Amino acid sequence: MPRRKWAVRAVAASVALAAVFAGVALQPAPTDASWRASDYGSATFTAMTLQQPTITKCSYVTGTLGLAPVATLTWSFPSVSPALTMPSNAVFASTTGTVPATSLNGLATGTGVSTTPSSGAAPSYTTTMTLPLLSGTLSASYTIGIRSALKGWTSPYASAVASSTLAGLNPTCAIR
């Protein structure tokens, strides 16, 4: 029996030794690929820049005693390709007070925003914003803005400031 155990151990040791030498001898074949190469690529790119719409006319009507203020903007999109159209390429905003156009954020406040195409040689639009009821009874001002939007890109806001004095008197609208 001891001889048999010795023979089994000798065969196992020979197989293990052969496996070690076979593993060392079997190296992967060389390839042309390398982690370091002298070739490189380069390119330039620019981000899309959308121009802001152009506001050509602004009016502000406060209604009787400033109870129902309405601001109206006449504006046009910049000439770009592809052409910008309503309603998918316009974003409106308004806020109480006179603020920089960069502070405008989100949808217009108030009870309604409606936009219609304007007649004329150049394509333009007239947007009417009904501002919060009773907001014109005291002296009030609003910053109103519109910007172009395309495929997730937006332009800076074009803006105007609509304001009035006590009881909606002396309404003005100034394009900025």
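Good morning. The model is predicted: local features need pLDDT of at least 70, side-chain atom pairs count only at pLDDT 80 or more, and totals for chains, interfaces and linings use all residues. Residues are numbered from 1 along each chain as its sequence is written, and side-chain values use heavy atoms, with hydrogens and water left out.

Let me begin with the overall layout. Along the sequence the pattern reads α-β-β-β-β-β-β-β-β-β. Of the 176 residues, 30% are buried, where buried means under 20% relative accessible area, exposed over 50%, and partly exposed in between, for a 1.4 Å probe and protein chains only. Among contacts with a separation of 6 or more, 57% join residues 24 or more positions apart; a contact means heavy atoms within 4.5 Å.

I turn now to the sheet. Four strands form an open sheet in the order β1-β2-β5-β4, with antiparallel pairing; two strands pair if DSSP finds at least two bridges between them. Its edge strands are β1 and β4 (112–118), each of which pairs on one side only. On average, neighbouring strands of this sheet are turned by 15° against each other, direction ignored; the axes are lines fitted to C-alpha atoms, for helices over the stretch in contact, and angles run from 0 to 180 degrees between N-to-C directions.

Consider each pairing in turn. β1 and β2 are joined antiparallel by seven bridges, and S59 stands opposite T72 in β2. Six bridges link β2 to β5, again in the antiparallel sense, with T130 in β5 as the bridge partner of V70. Between β4 and β5, which run antiparallel, there are seven bridges, and S114 faces T128 in β5. As for cover, five of the seven residues of β2 are buried.

Which residues have the most contacts inside the largest nonpolar core? They are Y60, L73, W75, I144 and I146, in a core of 23 residues. Such a core is a set of buried Ala, Val, Leu, Ile, Met, Phe, Trp, Tyr and Cys residues joined through side-chain atoms within 4.5 Å. At least two core residues come from each of β1 (54–61), β2 (70–76), β3 (90–96), β5 (124–130), β6 and β8 (158–164). The largest share, five residues, is supplied by β6. In soluble globular proteins, nonpolar side chains tend to be buried together. Beyond its neighbours within four places in sequence, Y60 is in contact with residues including P69, V70, L131, Y142, A162 and C173.

Two further residues deserve attention. T143 lies in strand β6 (residues 140–150). T143 counts as buried because its relative accessibility is 0%. Leaving aside neighbours within four places in sequence, its contacts include A93, T95, V99, L104, V161 and R176.

S155, by comparison, sits in the loop between β7 (153–154) and β8. Is S155 buried or exposed? S155 is buried, because its relative accessible area is 2%. A polar atom of the S155 side chain lies 2.9 Å from the backbone nitrogen of S148. Residues up to four places away in sequence not counted, S155 touches L50, Q51, Q52, P53, R147 and S148.

Notes. A polar contact is a pair of N or O atoms within 3.5 Å; within protein, one must be able to donate a hydrogen and the other to accept it, and residues adjacent in sequence count only if both atoms are side-chain atoms.
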